[in-house]
Amino acid sequence: MIIGTERLAKLIKGLAHPDSTHRRSAAEALSYSDERAIYPLIKALKDDNPGVQDAAMRSLISIGGEVTAYMVIPLLRDEPYLRNTAMIILKEIGSVTIPLLYSLLKNKDDNVRKFAIDLICKIKQCNYPQEMARILASDPNPNVRASAAKAIGILHYKDALPQLLEALRDEEWVCFSALESLAMLKDESSIEPIASLLNSPHDVIRYAAIDTLGRIASPRSSKDLLSHLQKAVGFEKTATIKSLVLIGITPAMSEISDVLIDMFRNGDWDERLIILKGLVGLQDAKAIYTIIDIAGSLDPSEPDAEEKLLIIKDALRNFGCSNALIDMLNDTGIKYRGKQIAIESLGDLGCEKAVPHLIRLLKSKFRDVRRAAVMALDKINDEDAKQALIDSIYDYDGHVRKATVSTLGKVGDKTSIQPILKLLYTERYQDVIEEAVMALLNIDPAALFSHLDEFCGYVKEATGKYAKDINILLSLSEDKVLKIKLAAIVGLGKIQDERVYKRLAKAIHDDEPEVRKASVKAMGELHCCHNEIKSTLNDKDMWVRFYAVKALGNSLRQDMIKPLIPLLYDKEVPVVLSTIDAIAKLGDKEAFNILNPLLNHSDSSIRERVHQVINSIRCPENVE
């Protein structure tokens, strides 16, 4: 939206209105203006109302451009509020500001030079980075030199490496900024000069040098860090170890493991995830207890808890199938969540040595421990575990029963058939029944089929849902219980066979509309029986007609267009909409003539759908 001359004049005049609400509205509206509003808006930055000031700032950012930047730059010499506002505006305007800052780098005012470099850091662009090197080497003000050192790293200007290394001898604040940039540049030639700072008399400089060497992460610095570790104490020692871990070096020193374990126990999570790499590299089994103990204390409801657990489990797997990890299964001091993590890790490792301990945990008082043990035994697939798993079929907790029958189904051992059948007589939870049925279907479908009549409804329904055996499904499709019959008919929709076609053709004449609907859907899935489907277009049930139309539309047979036309005038809107879509699929320009009369239909949703379809037919890609 462009503001006209008259309105612009009115809005600029509004910046002087006695009512601050009016002034703020005028300042906001000027965001759509051009360079003519820049000076009035800059004046409005000095308004005594914060709302007006903020609106003026945002409008100047919106107008943007080189002229705005040029006119705002003088505010860098003004009082603190205007100076900070100018920094925000120039940073948001971005790269067009950069050429205008060049002259400020030689300004006599130390603050102006520093603000110019700070803006370059914020914008993260500069076509004269060599000036940063010059300033770092020669500017008389240490704050300006520090800003220049920081800018060199942000701009990744490697040609200034000599100046950065020389700045390591500068004042403390400049040295800090130089180290920060050297960490960004990651040039290995800087390692020796940085390492020399490990002998600095200043604690903070030594600490910063240690951190920089870790961030550069070059093995060349390991020797200096290892040497420094022997005399470092407190936080400095911790920082040295952390940097060594980042480099990927884990020193073979007797006390290093204890220090890492203590850091892992007491550090924050960012630090822990770094230290974890060092603990894995050390392969010291005594670290396993602390890792699992901390992992067990994680709150599962925390957003990143799952990600942390994945990292920890990966670390534990790197310790391999160790006795120390197996010992966690028997340690009474470990929280049950920690024990669960140990179990899952041993399962992932396929640790056969852990099988006797996992079998014992099938009797644990904690449900999640029992379930984890079942799932671990599933992955290990040990012969000795089969009987213990069969005993767990009758666990008092449904989650454990479900995990157990799932595991036995994967194992495929026929000795578990009778126990699983026995469970089905009494099981009350549908998800457990489903898992048990799937297990039996995997082990021996005939064994389940031979006992089907002995079970209550849901066992048969689950069998119809998951069975792939045509004989089982054909049998269940004749069941007197509607849900069982429906599940079986839906299952038949996945099997291409003449017997299936005949059964479905019979089912479309069933007295129950749900059966007719399921049969039509199954035929549609199989892309068969189109003449039989056509016969259901006059079915008294709306949804049978709906799915019949859909199936014929998906058939892509143009000879089905004519039978579908009467359904465009069905009394039920969903059927009409389905028919419109089907005809659009089956015919192109022919569909245009068939559907065009419906543009005057009384129902708005039908008119809208026809309009969409006709427009798509008119598109060039659909025209010969």
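1. In this predicted model, the largest pocket has a volume of about 320 Å³. Of the 16 residues that line this pocket, those closest to its centre are Ala-518, Lys-521, Ala-522, Glu-525 and Tyr-547.

2. As to where the lining comes from, at least two residues each are supplied by α32 (482–492), α34 (513–526) and α36 (542–555). Among the contributors, α34 gives the most to the lining of the largest pocket, namely 8 residues. Sorted by class, the lining of the largest pocket comprises 7 nonpolar, 3 polar and 6 charged residues, a division that may be kept in mind when the pocket is viewed in the model.

3. Asp-541 belongs to the loop between α35 (530–534) and α36, and α36 is one of the helices that supply at least two residues of the pocket lining. When neighbours within four places in sequence are left aside, Asp-541 is in contact with Pro-513 and Arg-516, and both of these numbers fall in the range 513–526 given for α34. The C-alpha atom of Asp-541 is separated by 67 Å from that of Ile-89, a residue 452 places away along the chain.

4. On the α6 side the contact is made by Arg-83, Met-87, Leu-90 and Lys-91, while α8 brings Phe-115, Asp-118, Leu-119, Lys-122 and Ile-123. The residues of this contact divide into 5 nonpolar and 4 charged, with no polar ones.

5. Turning to the protein as a whole, there are 40 helices and 0 strands. The radius of gyration is 38 Å, whereas a compact globule of 624 residues would have a value near 25 Å. Along its principal axes, the C-alpha trace of the protein spans about 95 × 80 × 50 Å.

Conventions. Residues numbered from 1 in each chain as written. Predicted model: local features only at pLDDT ≥ 70, side-chain atom pairs only at ≥ 80, totals over all residues. Heavy atoms only, no water. Contact = heavy atoms within 4.5 Å. Helix = DSSP H or I, 4+ residues; strand = E, 2+ residues; numbered from the N terminus. Nonpolar A, V, L, I, M, F, W, Y, C, P; charged D, E, K, R; others polar. 1 Å grid on protein atoms, 1.4 Å probe; cavity = no way out; pocket = protein on both sides within 12 Å on 5 of 7 lines; lining within 4 Å. Points joined across faces, edges and corners; volume = space filled by probe spheres on them. Rg over C-alpha atoms; globule rule 2.2 N^0.38 Å.
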